[in-house]
Amino acid sequence: MGDLVNPSESTYDVVVIGAGIAGAACAYFLMKEGLRVAVLERGVVAGGATGAAMGHLVAMDDSPAQLALTKFSLQLWKELVPELPASAEYQQAGTLWIASDDEEMAEVRRKYEVYRSAGLACEILDSGALAEAEPKLRRPLAGALHVLGDGVIYPHAAAEFLLQGVAEHGALFTDCNVASIDGSTVLLGGGTRVSAGHIVNAAGCAANELTPGIVMRKRKGHLIMTDRYPGFLRHQVVELGYLKSAHSVSGDSVAFNLQPRTSGQILIGSSRQYDDEDAAVDHGIVRRIMERACEFMPEIATLSTLRTWTGFRAATLDKLPLIGPSPENAKVLLATGHEGLGITASMATGRLIADMILQRESPIAREPYLPSRMTNERARA
């Protein structure tokens, strides 16, 4: 990967801190513009939230800004698909948002109108059509919203692919002791200084260690991987109750969320916990995840599971990521705080960061994601 042993040679156009999917996407777009980029990673590529993630590429509409960001990012992912290696395991599985009752079907219809207005391909499935689409779901369920353009990807391989150009030019450095940022210089343990015209802080949950003042919280999640069961599941399947879980800002929550992999394995989720920074698996949470999954798909109980793990997502209070210049230092741009949408939104994040550094317009408005909004909110309060 490379060694930063000669500080006099360690000057770049841009230094990206963090080799997760957000940092990788930033580096990818900056390299495409011919900039000299270094990526510094405290651990290994995709060793944090990216490596622990599910890999759902999904349009989300909690707010107009969230929908704009995820829609744009899905477009960028689809443009990249022909270049992706087989190891990225991309599949356009589509998402089924499951409604259990008439009240949730009303939410299906609301989402349908929003998505259609945004130009996203989707359809409403009634109870019978849903049973045909996913025969192993319990019956009856009220129906579902089928979002056709959503996909699934293996995040670790996707991050490695996005960093390929950086690695080939010898500017990808892992196991770096990134200590602090001083102006336009990154300070490493041992006294090494790495200078750049701009610095991108894409360090995920550790971003606020390097840019004090960022308001973020760690949100712990669990995932379960099964053995191989080809054909068991056809779509990404999520209960509409997942949205209530995602909106919760306190307490522990679980929701039914299944993802098919090209290997035939199935990822079972999901959970959200605040104020638990212990990376150990919480077996009570795992039990609740499995019980919830079996409520919707009883045959899950018959599947063999191979592995359970946890990860931590960087979450902001308004559920939008921080993309853009730090209010305290315009040379430092933030690319963090994506919570559960880091895989999806990474491509749009990288494109917006590149646009800002190159001082050009972006295809979507970037004001909703600027870190300065936190300062503005505090001032108004």
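1. A helix crossing is called left-handed when the near helix is turned anticlockwise from the far one by less than a right angle, and right-handed when the turn is clockwise. Helices here are DSSP runs of H or I with at least four residues, and strands are runs of E with at least two, numbered from the N terminus. By that convention, the crossing of helix 1 and helix 6 is left-handed.

2. A word on what you are looking at: this is a predicted model, in which local features need pLDDT of at least 70 and side-chain atom pairs count only at pLDDT 80 or more, while totals for chains, interfaces and linings use all residues. Residues are numbered from 1 along each chain as its sequence is written, and side-chain values use heavy atoms, with hydrogens and water left out.

3. Back to that first pair. Helix 1 (residues 21-32) and helix 6 (residues 155-162) have axes that come within 8 Å and cross at roughly 25°. That makes helix 1 roughly parallel to helix 6. Axes are lines fitted to C-alpha atoms, for helices over the stretch in contact, and angles run from 0 to 180 degrees between N-to-C directions. Angles under 35 degrees count as roughly parallel, over 145 as roughly antiparallel, 65 to 115 as roughly perpendicular and the rest as oblique.

4. Which residues make this contact (heavy atoms within 4.5 Å)? From helix 1 come I21, A24, A25 and Y28, and they meet P155, A158, A159 and L162 of helix 6. By class, the residues of this contact are eight nonpolar, no polar and no charged. The classes are simple: Ala, Val, Leu, Ile, Met, Phe, Trp, Tyr, Cys and Pro are nonpolar, Asp, Glu, Lys and Arg are charged, and the others, Gly among them, are polar.

5. In helix 3, L69, T70, F72, S73, L76, W77 and L80 meet I343, T344, A345, S346, M347, A348, R351 and L352 in helix 11. This contact has 10 nonpolar, four polar and one charged residues.

6. F72 deserves a look of its own. This residue lies in helix 3 (residues 64-80) and is buried, with a relative accessible area of 5%. Buried means under 20% relative accessible area, exposed over 50%, and partly exposed in between (1.4 Å probe, protein chains only). Leaving aside residues up to four places away in sequence, F72 touches A348, R351, P363 and I364. F72 and P363 are 291 residues apart in sequence, yet their C-alpha atoms are 8.2 Å apart in space.

7. How many salt bridges are there? The count comes to 19, where a salt bridge is a side-chain nitrogen of Lys or Arg within 4 Å of a carboxyl oxygen of Asp or Glu. One of them joins the side chains of E33 and R360, at 3.1 Å from N to O. E33 sits in the loop between helix 1 and strand 2 (37-40) and R360 in the loop between helix 11 (342-357) and helix 12 (372-380), so the pair ties together parts that are 327 residues apart in sequence. E33 is partly exposed at 37% relative accessibility, and R360 is partly exposed at 28%. E33, R351, D355 and R360 are linked in a network of salt bridges.

8. Two other bridges are worth checking. E339 pairs with R313, the closest N and O atoms being 3.7 Å apart. E339 lies in the loop between strand 18 (329-336) and helix 11, and R313 in strand 16 (residues 305-315), so this pair ties together parts that are 26 residues apart in sequence. Both E339 and R313 are buried. The side chains of R373 and D318 meet at 2.6 Å, N to O. R373 belongs to helix 12 and D318 to the loop between strand 16 and strand 17 (322-326), so that pair ties together parts that are 55 residues apart in sequence. R373 is buried at 12% relative accessibility, whereas D318 is partly exposed at 39%.

9. Finally, some backbone details. R139 and P140 are joined by a cis peptide bond, with omega about -5°, and P140 is found in the loop between helix 5 (127-133) and strand 6 (143-147). The peptide bond from G269 to S270 is also cis, with omega near 0°; S270 lies in strand 15 (residues 266-274). D275 is not a glycine but has a positive phi of about 60°, and is exposed, with a relative accessible area of 69%.

Terms used
Contact means heavy atoms within 4.5 Å.
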